[in-house]
Amino acid sequence: MEETFTEITPQQAWNMMQNEGAVLVDIRDMMRFSYSRPQGAFHLTNQSYGKFLDEYDFDEPIIVSCYHGVSSRNTAQFLVEQGFERVYSVKGGFEGWVKSELPIETAY
């Protein structure tokens, strides 16, 4: 079986961030990311990918979040193919995160 990512709930993602030092990467556009994002999220874009590689190791748990949990799957699979060993995608994306009433940071 080829390596792939795992889909997890927003609550599971938050628990992993608290207990396992997992990194949450948000791949939404800059405007929406700037406006509000999951607490502690790294904004992963084509431009910030190099910085991401400098800061995080292949064996660290990486959680990908997008708008609704769809495009994060493609990014998660891409990260697996780059050599990251523990990659997760948030079901429901940022919308699910907000519905789960998990901590967010806002621009205000």
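**Aromatic rings**

Modeller: In this predicted model, ring pairs join F42, Y49, F52, Y56, F58, F78 and F84 into a cluster.

Colleague: How many aromatic pairs are there by this rule?
Modeller: The count comes to 8 aromatic pairs. One of them is formed by F42 and Y56, whose ring centres are 5.8 Å apart with planes at 90°, so this pair is edge-to-face.

Colleague: And where do F42 and Y56 lie?
Modeller: F42 belongs to strand 4 (residues 42-43), and Y56 to the loop between helix 3 (49-55) and strand 5 (62-65), so the pair ties together parts that are 14 residues apart in sequence.

Colleague: Is F42 buried or exposed? What about Y56?
Modeller: F42 is buried, at a relative accessible area of 9%. Y56 counts as buried too, at 18% relative accessibility.

Colleague: What about F58 and F84?
Modeller: F58 and F84 make an edge-to-face aromatic pair, 4.7 Å centre to centre with 65° between the planes. This pair links distant parts of the chain, 26 residues apart: F58 is in the loop between helix 3 and strand 5, and F84 is in the loop between helix 4 (71-82) and strand 6 (87-90). F58 counts as partly exposed at 39% relative accessibility, whereas F84 is buried at 3%.

Colleague: Changing topic to charges: which ring does the charged end of R28 sit over?
Modeller: The charged end of R28 sits over the ring of F94, at 4.0 Å from its centre.

Colleague: And where does R37 lie?
Modeller: R37 lies over the face of F33, 5.1 Å from the ring centre.

Conventions:
Residues numbered from 1 in each chain as written. Predicted model: local features only at pLDDT ≥ 70, side-chain atom pairs only at ≥ 80, totals over all residues. Heavy atoms only, no water. Phe/Tyr/Trp six-rings, centres within 6.5 Å; stacked < 30°, edge-to-face > 60°. Helix = DSSP H or I, 4+ residues; strand = E, 2+ residues; numbered from the N terminus. Buried < 20%, exposed > 50% of the residue type's maximum accessible area, 1.4 Å probe, protein only. Lys NZ or Arg CZ within 6 Å of the ring centre and 35° of its normal.
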